[in-house]
Amino acid sequence: MADGGPLFELVGIEKRFTGTYALKGIDLAFAPGEVHAIAGENGAGKSTLIKLLTGAHQPSAGGLRWEGRPVAFRGPGDALALGINAVHQEVVACPHLSVAANLYLGDERVRHGFLRKRAMLRAGQHLLDGLGFAIRAEATLGDLTIGQQQLVATARAAHRGVRFLIFDEPTGYLTRQETEQLFRLIRALNADGVTIVYISHRLEEIFELADRVTVLRDGRLVSTRRTAETSERDLIRDMVARPIEELHYKRVVPRGETLLETRSLSGPGFADVSLTVRRGEIVGLYGLIGAGRSEFVTTLFGRHRSTGGEIRWQGAPVAIRREVDAMALGMALVPESRRDQGLCLNLGVGFNLALPSYARLSRFGWVDRGAERALARRQMDRLTIVAAGPGVHAETLSGGNQQKIVVGKWLARGARLFIFDEPTVGVDVGTKSEIYRVFADLLDAGAGIILISSYLPEVYDLSDRLIVFRGGRAVAEHGWKTAEVETILTEAIGA
Amino acid sequence: MPEPLVALDVPPLAPRPRLRFGFLLNLTLLGLLGLMWLGLSLGTDSFATLGNFANLLRQGSIWAIMAVGQTFVIITAGIDLSAGAVVGVAGTVVALLMKSGVPVPLAILATLGFGVAVGWVHAFGIVRLGLPPFIMTLASLTALRGIGLLMTNGQTIAGLPAAFSALARDSTLGIPNLFLAVIAVAVPCHLLLHHSRWGRHLYAVGSNREAARLSGIRVNRVLYLAYILSATLSALAGILTTARIGIGVATTGDGWELQAIASSVIGGASLFGAVGSVPGPLLGAMLLTTINNGANLLNINPFWQRIVTGGLIVAIVYLDQLRRPKR
């Protein structure tokens, strides 16, 4: 190792994609053995940076230095050979294969050309046990929760004689306990001398883990600071270059009539839940994963049959048997994974916005193209969706703008009650505040919101009323900031 | 406000691996095959004869070999529609070579080499030119048929060496040579698929190509091998068919790609990739052959076989859907 010099260094790095810069003029040195956090909004260039570090992309200009010597990667294999590894945001692994097969993917143990399956299974289980993960090595990866898959991905990177390990938003889908296991693992790896690059939107994680933090904005490096000498406020300012008055922006509007009321509603995974949602208010549902919140709202939305109790809509009892019944009443569910369930990513923004409204936009089966365009324009203006036009594919938009499309399509159909299931998972600070503004606009427009979130500060700051779920039941209800955070957490855990 | 960290004592439990669906499916197919054989033995005088049984095995063997090759491609989430056309052209090539005086073993080797070349072209189109496998191999199907007809001018090549025909017609130790050929193909293929590094990589590419790439797997190389294997096994099937019928006909194997795909899918392979085995397509091919053979013996219009095959595919893929966790 070059004495005292950086382990891995980027010198004057540029990366262009068909003319536009993804990264420009990046000089960054990673010291051996440090935990270096990288922060920035979506589109700031973090993903591109990771791809350059792991050899998945090659720089358009500038170069990389490893232990002081220039290196060029032709592909991920070259970076792996140096001990550079990454744990990606979306779990990048093979769901059909076993955990053990994934742990050894591309690095299989072989004797005389034959796989040493049993040896890999044993060693894999040993590795998982040693890390304290309660995961069976012979299980099929796709059967695990996303969080467990993420832990497997981490274990996989850890066992490969890794020297430089990049974490890209690893905690987005993790439960609190899984997050803790992950942090313990990161600290252990770091103590073994592994240099860590940690990318996260959650600033408190950065302060908990990192020695230094670099902020990227619009493809440029804004600052690199020691975490001990900086604050969340500084980082946010560097990231967005515009003041964010409050992280969790909330607008209080007068409440109107009752939209939805459940009386002792029971269904698969929850029982005896009574709550009301009025126009102009956010009702937050907080609880641990598996507490029954998602089951409650999907039943509300007609995806499952309720087994008892009553649902009332604007004062009158209603039967919701299918999703279309809920939509016809004016309910909209914005699902947790936008990418999978909410949008047709390879189709235009306008198409996505008009999708639920085509019955209204067509006459005798023929679509009124003018009305379709007008609807798209109206929603794009109303929600300030940033896209060159309604024909632009949804996949090219930022996470916040995609979220707005999902909201916009239901607004266009006349929805009045919006159910958001984990709306800000894997979303950066700037986009988050955009989403909160969308909430505020919805409330202004007379809508009501049910907000499901596992991120307590978010539901705590935003909810007019906060309902705590545990074991399939609503165990407590609080007004806006009328209870201590610790109290709510205790209620959710049942300690 | 940082969320306080609270330790939970309950560890998340990973689910136990379930009994493999593929194993159960194979067992079911085997049972179905047994039932059909039993029914046909009782229902007809001619089914349970040595002659018919040998015939059944010979017929099934050729489809089985093609289906195994097809399965490799299907595991990568691809498809090889050219398989039937390769059978025809390979049969023509091997016949023409022998007619022009090339010794039998050399002619066979050269034809297998031709299969390798065809597979290489498929992979080149898919990997380098970025064509969808469906399109690339569909184009190849048409072109290869044309090449076969061009080479023979649409005529049958007869008068092949007796030693060549004996390959397919003879038996060794009472087992038809063609069936031995299946074993010679299936055993190494099974080992390759489940016990070699390349097999792992094949499943990985079919499951998540990006993950495979980021794991340092050479995805392109895996795809080249899969398509070459499929085309080469189809070429082998063409050689064996020509030996069996004793003449080279350019139009041999018309529609067989669908038989091969059907055998593979009935045997449990998923067209979405990453699911498939070697015993599956073998059983699938035997099942389809038995339906064909049985229909002949029972004097049922052979066209029924196509309808039954269609129904079987729908039933089995529906079962496959049922086992997938719903979101």
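Domain bounds here come from an automatic or database domain assignment. The model is predicted: local features need pLDDT of at least 70, side-chain atom pairs count only at pLDDT 80 or more, and totals for chains, interfaces and linings use all residues. Residues are numbered from 1 along each chain as its sequence is written, while chains are lettered from A in the order in which they are written.

**Exercise 1.** Find how far apart the C-alpha centres of domain 1 and domain 2 of chain A lie.

*Solution.* Take the bounds: domain 1 covers 8-240 and domain 2 covers 258-493. The two C-alpha centres lie 33 Å apart.

**Exercise 2.** Describe the burial and pairing of strand E22 of chain A.

*Solution.* Strands (E, at least two residues) are DSSP runs, numbered from the N terminus. A residue is buried if 20 or more other C-beta atoms, placed from the backbone, lie within 10 Å of its own.
- Locate E22(A): residues 448-453.
- Count: six of its six residues are buried.
- Pair (at least two DSSP bridges between strands): E15(A), residues 282-286, runs parallel to E22(A) with five bridges. Tyr286(A) has Ser453(A) as its bridge partner.
- Pair again: E21(A), residues 417-421, also runs parallel to E22(A), joined by five bridges. Ile419(A) partners Ile450(A).

**Exercise 3.** List the contacts of Val86(B), leaving aside neighbours within four places in sequence.

*Solution.* Contact requires C-beta atoms, placed from the backbone, within 7 Å. Val86(B) then touches Gly115(B), Val118(B), Leu144(B), Ala231(B), Ser234(B), Ala235(B) and Gly238(B).

Methods:
Two residues are in contact if their C-beta atoms, placed from the backbone, lie within 7 Å. A residue is buried if 20 or more other C-beta atoms lie within 10 Å of its own, exposed if 12 or fewer, and partly exposed in between; C-beta atoms are placed from the backbone. Helices (H or I, at least four residues) and strands (E, at least two) are DSSP runs, numbered from the N terminus.
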